[in-house]
Amino acid sequence: MFSNPFFDDRADAGEKLAEAVVDEFGKLSLMPQKAVQPIVYALPRGGLPVAVPIARRLGCPLDVVVAKKITRPDNLELAIGAATADGHVLWEKQKQHNLRLQKLALPLAQNNAQSLLADLSPGRPNISAAGALAILVDDGIATGMTMAVAAKALQSQQPAALWICAPVAPADLMGFLAGMGDKVIVLETPHPFYSVSRFYGQFPQVETAEALRCLQQQTEWRS
């Protein structure tokens with residue numbers, strides 16, 4: 001872990017990120033435009049504890065976009081792309097991958113994403129991003145692959161705007177992230193980066209049951 005982490009845990013990061021998001025959202029009311037309904041979308045599982053304080057502060061729906069890294073069968077640590085449960089795919093452009101490898105690796109990532117989406121379905125709202133302000137949240141961004149494919153999936157629903165939000169991301173990814181949506185809100189951009197977990201005091205794996213409880217919490221602030 002980082003000797004002086006930016007965040008105690010995901011809940012702490014979520015509260016701090018919520019302050020920044022609510023501040024930016026407040027500026028929208030100053031503009032002469034039709035009010036836009038916000039929807040917070042988390043990348044599960046780790047993004048959900050971070051997204052809860054944001055959705056609570058905005059009093060809006062909390063949903064998920066499930067995206068999984070596509071990894072080489074012989075090296076599960078090496079991401080060669082990312083895929084969402086609803087079929088959107090993004091390949092790492094800087095690496096050449098043969099078609100046989102892609103055909104082997106893609107179904108595994110998609111099956112994993114679909115399985116997790118099914119597990120989380122009981123807590124999801126029945127809502128579309130069409131015409132809404134989609135606020136896409138994760139607990140941190142390392143390579144940007146899963147965030148990028150999740151943004152692609154949301155953009156296909158034609159939201160009024162898409163914001164990319166995370167507590168921490170590498171400084172050299174900010175330009176890439178800016179190309180995904182209409183606004184990027186990242187609290188910390190340290191260098192060197194290494195890994196997301198380095199900047200948290202506590203960064204345990206979020207289990208599916210906890211992720212589902214995060215979604216179910218929205219009954220507290222939504223009537």
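Here, buried means under 20% relative accessible area, exposed means over 50%, and partly exposed is in between (1.4 Å probe, protein chains only). Everything below comes from a predicted model, where local features need pLDDT of at least 70, side-chain atom pairs count only at pLDDT 80 or more, and totals for chains, interfaces and linings use all residues. Residues are numbered from 1 along each chain as its sequence is written, and side-chain values use heavy atoms, with hydrogens and water left out.

**View 1. V22 sits in helix α1.** Helices (H or I, at least four residues) and strands (E, at least two) are DSSP runs, numbered from the N terminus. With a relative accessible area of 22%, V22 is partly exposed. V22 touches R57 and L58, leaving aside residues up to four places away in sequence; contact here means heavy atoms within 4.5 Å. Look for A55 too: V22 and A55 are 33 residues apart in sequence, yet their C-alpha atoms are 9.6 Å apart in space.

**View 2. Five strands line up as an open parallel sheet.** Reading across, the order is β2-β1-β6-β7-β8. Two strands pair if DSSP finds at least two bridges between them. At the edges are β2 (62–64) and β8 (183–188), each pairing on one side only. Neighbouring strands of this sheet are turned by 25 degrees against each other on average, direction ignored; axes are lines fitted to C-alpha atoms, for helices over the stretch in contact, and angles run from 0 to 180 degrees between N-to-C directions. Zoom in on β7 (residues 161–168), which pairs with β8 in the parallel sense over 5 bridges.

**View 3. The largest nonpolar core has 40 residues.** A nonpolar core is a set of buried Ala, Val, Leu, Ile, Met, Phe, Trp, Tyr and Cys residues joined through side-chain atoms within 4.5 Å. Those with the most contacts inside this one are V21, V40, L48, L62, I135 and V137. Two or more residues each come from α1 (10–28), β1 (38–42), α2 (47–58), β2, α3 (99–120), β6 (133–137), β7 and α6 (208–216). Helix α2 gives the largest share, 7 residues. For a local look, pick V21: it touches I54, L58, I135, W163, C165 and I185, not counting residues up to four places away in sequence. Another core lies apart from the largest one and has 27 residues, among them I39, V65, L136 and V186.

**View 4. Three strands make an open antiparallel sheet, in the order β3-β4-β5.** The edge strands are β3 (67–72) and β5 (89–91), and each pairs on one side only. Here neighbouring strands are turned by 45 degrees against each other on average, direction ignored. β3 and β4 (residues 75–84) pair over 6 bridges, and R72 has N75 as its bridge partner in β4. These two strands form a hairpin with 2 residues between them. β4 and β5 pair over 3 bridges, with L90 in β5 as the bridge partner of A82.

**View 5. Helix α4 (residues 145–155) lies across β3, β4 and β5.** α4 runs at about 10 degrees to β4. Why call α4 largely enclosed by the rest of the structure? Because 9 of its 11 residues are buried. The buried ones are M145, T146, M147, A148, V149, A150, A151, A153 and L154.

**View 6. The largest pocket has a volume of about 1,000 Å³.** On a 1 Å grid over the protein atoms alone, a pocket is an open set of points where a 1.4 Å probe fits, with protein on both sides within 12 Å along at least five of seven lines; lining residues have an atom within 4 Å of a point. Grid points are joined across faces, edges and corners, and the volume is the space filled by probe spheres set on the points. Of the 32 lining residues, the closest to the pocket centre are K69, D138, D139, T146 and F203. The elements giving two or more residues to the lining are β3, β4 and α4.
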